[in-house]
Amino acid sequence: MTSVATAPNLIEVRDLHVHLGESHVLQGVSFDVPEGGVTALLGRNGVGKTTTLRAMLGLVPRRGAVTLAGSETTRLATHEIVRRGIGYVPEDRDVFAGLTVDENLRLAERNGAGRYELVYELFPELRTRGGQRAGTLSGGQQQMVAIARALLNDNTVLLVDEPTKGLAPLLVTEVAAALERAAELATVLLVEQNLAVVERVARQVVVLDAGRVVHAGPASGLLGDRTRIQALLGVSGGGH
Amino acid sequence: MRRAAHLVVPLVLVGVLALVPTLSLDLPFVFGGALDSPGTLGLLALCLVFAGVALTYDLLFGYTGLLSFGHALYFAIGVYVMAISLTKWEFPLWQAFALTAIVGILVPVVLGAISLRVGGIAFAMVTLAFAQAGQVLVQKNPDQLTGGEEGLGLNYEALPDFFVGVLNAKYLYWLALGYAAFVFVVVRLAVASSPGHVLQAIRENERRVEVIGLRPFGFKLMAFVLASFLATVGGVVWLIVLGTGASPQVTTASFTLTLLVMVVIGGAGTRYGALLGGFLYTLLDQRLGALAGSAQVQDLPNVIRTPLSEPLFILGTLFILLVFFVPGGLASLGRRVRLRRRQAGLQGAR
Amino acid sequence: MLLTITGLGLGAMYFLIASGLSLIYGLMGVLNFAHGAFLTVGAYATWWVSTHVGGGPGTQLLVGALAGIAVGAVLAALVELVLIRPLYRRPIEQVLVTVGLALVLTALVEAIWGFDARPFPVPPWLIDTTTIFGANIPNDRFLEIGVAAAVLVGLTAFLRYTRYGLIIRAGVENRAMVTALGIDVRKAFTLVFALGGMAAALAGILSGVYYGVVEPSRGTSLLIFAFIVVVIGGFGSIGGTAVAAVVVGLIQQYANYYASSGLGDLAVVLLLAIVLLLRPEGLSPKVAH
């Protein structure tokens, strides 16, 4: 009996707790990310979506267990976790403004090599703007650099945090296309507020509220249900 | 029960310490002479002065979270203004003190108002800058007032008789004890007061204090001026206790760093930590040097003897070890022991 | 002219010390108070080796300098590995440890070699003067400026063209993101400390040439000015540090000469206060700790 439902989970998060200052941001977050495709992490502002990604990477102190492809990563340092094959696209892009586009990409290389052909095929502008300082790029261009960085290596997982935030509609479409392409190459855990994008690319959804998981299941199930979306996310379905 | 303890313990401590000059007790190695000998009393007085001054630094650093690299400046104001008033301008004692006190309040108000416009490392650097300016000013010896590099001798005739002379060491001791006790009481009151609670809240999370609607600046300035003024008084006491006059050493950044070391060794932000740290550091600093010259140590092989001859080496190493293994300072050791015992008790109860 | 060159000479020494401090704070967020001690130890190592080497003062200086630089690098790297790295998530304790280390190292030097100044091997051609535009300038100034310029070029090239240089430049901007790219920044930390130690030792050696002697307090007295330079120039920026070092050196010399001795130091301190009050944000490294 081989069905998608029983395919092994690539990532398993169990009982994740994070305290930031005085506040208990994540209060026992548990969810699975099945291998392949895009799993969307949804929720209102401030429920802990970004913190969840950062906790999975070890960028904030956490309690709980995170398992990647069967082995636990909770005890490892961030760079060791990342080297297991994770690409990270942070919420504010975090490209290095003082470095050129080329240097930003080169920094992401592991063991001196990278899939530059793929990256330039997806984002041809990065080749032409190679010598430009990343700080002078537009928001959309910086987003491309951030995504390209994560795709440069043969990662099995991509953690992507609100890639369409603040972008014009045309760029949103481009980013969504890039995400689809990325999902062919790796499993993607996507934090996104733009439901149109989620509708287009996501296979599974996980919804957070007040530091806990309140819903997990196939994307089609949730996204067709307007009242449910309203209740869980506080927005009318359909995207911006 | 704890409230009573907190009142009783300091009183008993002060009482016991006040009796020291009457004790003809010999503690070999720890002191060079009996407890009531002038040499030992002078040493103890110095230790008490620094216990108090360390506590003034702790008010800034341990309680308010303000890291200042220029605290020496205010101590130096106490030392130099008093010395100059007594020796160069020949003021009577109380007038000299009054002048020193006024300067010791005005200067931190002005400099504090400027320095506190920034926080964190920037604040530390600005305070360092002002203290450096003070150091340079003293070195330049304007109008031959400060004595420059050689320091300024003290005109001891300006002091009341009972502060002068070897036989009167016990009065200097009581003066120092009085100062330390005074600082302790003032800091306790300040910390326990409602502005004091605001200060500690500021140390934890300044933004939250702003959200409540309070402006941290005023509170920080109050703490800054109070700590600086108390340090200025300490400078005056130091001048009298030491009797040899003002020295530019007290204007240096190293001096401030020494205060920091004292506070950290004892335990920043704790009830008795700074007092303990200041006392212990001064004691070790003075006594280790004497120990190094003693017969027993002279016989040790060079490799051991040489580092021991410099008290700062031992103190610095002790400091590093404490920072690594006992970050709460010596004062936290008691807490740790109690914690261990409690944990052991819980385990036993299972 | 003499003033300018001397000011530049002083600035050269400040730059050497400040460059290490700047990188260390910019990348690691550690305010390294022990940097002055690295300088002193490097200077003394040079002096000590030079007294055991034959030949003229030129050879003695050269051999001693090589030893001194090596000692500076090794000492700094050891310090980072043993004292700083274990305190990784405790920044306040890291700073405190450097304060303690400064005390310990300086005390050790004083204990072994005493408080008095020791004569430094200076070859005669450095003491000689060259006449430029009518001013007699001691040749050692040129050496200082030359060495500092070489280090400036070397450091900039290193940062621009090597992988570790890239990591350091990125790390100064955003350390967390660098680790999120799978890079172990800790190696960069040790490297930066070692580089800083080397530069500090160089500054110590040059100060030995400049003053003709070495003494235990040298490191501490120069460290303060180095801090001022770093703050004015901006943490983590080599170019900014260089400019600030030149400015500070020149102001100090000119004010000391034209106004009165000691006023130059005052002027520099005032400059620091002004810069800080106008631009306090320039102080926090853009590092996400």
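A polar contact is a pair of N or O atoms within 3.5 Å; within protein, one atom must be able to donate a hydrogen and the other to accept it, and residues adjacent in sequence count only if both atoms are side-chain atoms. This is a predicted model, in which local features need pLDDT of at least 70 and side-chain atom pairs count only at pLDDT 80 or more, while totals for chains, interfaces and linings use all residues. Residues are numbered from 1 along each chain as its sequence is written, chains are lettered from A and ligands numbered from 1 in the order in which they are written, and side-chain values use heavy atoms, with hydrogens and water left out.

View 1. One residue pair is in polar contact between chain C and chain B, with both residues at pLDDT 80 or more.

**View 2. The side of chain C that touches chain B.** Helices are DSSP runs of H or I, at least four residues long, and strands are runs of E, at least two; both are numbered from the N terminus. α4(C) gives the most, with 13 residues. By class, this side of chain C has 29 nonpolar, five polar and four charged residues. Ala, Val, Leu, Ile, Met, Phe, Trp, Tyr, Cys and Pro count as nonpolar, Asp, Glu, Lys and Arg as charged, and the others, Gly among them, as polar.

**View 3. Area buried between chain C and chain B.** The two chains bury about 3,200 Å² between them, 85% of it on carbon and sulfur atoms. (Buried area is the accessible area, with a 1.4 Å probe, that two parts lose on being put together, summed over both.) L96(C), L103(C) and L277(C) supply 17% of the area that chain C buries against chain B, more than any other three residues. The contact (heavy atoms within 4.5 Å) takes 38 residues from chain C and 34 residues from chain B.

View 4. T52(A) lies in helix α1 (residues 49-57) of chain A. Its relative accessible area is 0%, so T52(A) is buried. (Buried means under 20% relative accessible area, with a 1.4 Å probe and protein chains only.) Not counting residues up to four places away in sequence, T52(A) touches L16(A), L26(A), V29(A), F31(A), L41(A) and L208(A).

Methods: Buried means under 20% relative accessible area, exposed over 50%, partly exposed in between (1.4 Å probe, protein chains only).
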